[in-house]
Amino acid sequence: MKFTRPMANPPLFLVFLGPPGSGKGTQARLLHERIGLPHVSTGDLFRHHLKNNTPLGLLARQYMDRGELVPDGVTVDMVADRLAQSDAACGAILDGFPRNLAQVVALEAMLADRGGVSLAPLFAVSDEEVMRRITGRRTCRLCGAIYHIEFNPPKQPGVCDADGGELYQRDDDRPETVEKRLYVYYKQTAPLIGYYFAKGVLAEIDGTQPPEAVQAALLQVLTDRGLLARMPVPAAVTG
Ligand code: AP5
């Protein structure tokens, strides 16, 4: 679907926060489908580089396989390039970036003349739920659609409903790597919650509800803060 947005609106940047497996990617995809704001996932960008065997992909793999953060320099450059693309003129859903305070500072600089971050939804789930979700996650090799063997199974096991692509389990979804990713999250990313709270843009959302209910809660927050009106709307609706 083609999207347009009213010209006078400032860009809208959303920073999705939450531990690994909290549903950031699932919610970002649903929101993108609904309102057309680009979904920028640093994990997906690294996985794309990895699939294409680029130097960045090979570098990122060493860190991702260990559940550690890829170095800030290459990560920030990759995001800056992505946000400079024309579709991000209206803003973006940032999923997995920033992930530490250095990346927060870099993002502030990138958005200095673009209005900054408007909302940082935090998808709250327990560590036990994270483990259940991540070990059952399956992802489509072709379109990146996210499934769960129990909570959101495909119609045919191992096959994407949307395009018939093969569903695979991510290399970094092994239990020992997930434990390391959780450790890194609490040490490096969780401090961002206080930062965005102090900025007045944090919104905690109960991430343990079914995906559609989480999306409804997110849309409610966006509406309550007057942000939904700033988002792109389908061209068919605007004429
Ligand atoms: P990344 O790909 O960003 O992984 P992550 O942040 O750990 O998050 P996940 O993708 O694991 O989970 P999610 O919250 O998106 O949940 P999902 O929707 O898939 O990063 C991977 C690696 O890349 C990092 O470890 C690091 O090495 C590197 N990296 C990335 N960004 C970086 C950065 N900025 N700096 C440096 N390095 C970086 O859902 C999970 C499962 O739960 C699915 O199966 C889904 O179907 C299911 N599910 C979702 N919602 C629900 C629900 N409400 N109820 C039941 N099940 C649900």
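Before reading the first sheet I noted the rule for pairing: two strands pair if DSSP finds at least two bridges between them. I also kept in mind that this is a predicted model.

I looked up the strand order and found an open sheet of three strands, arranged 2-4-3, with parallel pairing. Its edge strands are strand 2 (12–16) and strand 3 (39–41), each of which pairs on one side only. Neighbouring strands of this sheet are turned by 20° against each other on average, with direction ignored. I then asked what packs on this sheet, and I found helix 4 (residues 72–83), which touches strand 2, strand 3 and strand 4 and whose direction makes about 150° with that of strand 4. Going back to the pairing itself, I found that strand 3 and strand 4 (residues 91–95) run parallel and are joined by three bridges, and I noted that Val40 has Leu94 in strand 4 as its bridge partner.

Strand 6 (residues 137–140) is joined to strand 7 by three bridges, and the two run antiparallel; in strand 7, Tyr147 is the bridge partner of Arg138.

How many residues surround the ligand? I found 34, of which the closest are Thr26, Glu68, Arg99, Arg137 and Arg181. By class, this shell has 12 nonpolar, 13 polar and nine charged residues. I looked up which elements supply the shell and found that helix 1 (24–35), helix 2 (42–51) and strand 7 (146–148) each give at least two residues, with helix 2 giving the most, namely four.

I then turned to individual polar atoms. A polar side-chain atom of Thr42 lies 2.8 Å from a nitrogen atom of the ligand, while an N or O atom in the side chain of Arg137 is 2.6 Å from an oxygen atom of the ligand. For Tyr147 a backbone N or O atom is involved, at 2.7 Å from an oxygen atom of the ligand. Last, I checked the cover: of the 1000 Å² of accessible area that the ligand has on its own, the protein covers 96%.

How values were computed. Residues numbered from 1 in each chain as written. Predicted model: local features only at pLDDT ≥ 70, side-chain atom pairs only at ≥ 80, totals over all residues. Heavy atoms only, no water. Axes fitted to C-alpha atoms, helices over the stretch in contact; angles between N-to-C directions. Contact = heavy atoms within 4.5 Å. Near = heavy atom within 4 Å. Polar contact = N/O pair within 3.5 Å; in protein donor to acceptor, adjacent residues only side chain to side chain. Areas by Shrake-Rupley, 256 points an atom, 1.4 Å probe, with all protein chains shown as cover. Nonpolar A, V, L, I, M, F, W, Y, C, P; charged D, E, K, R; others polar.
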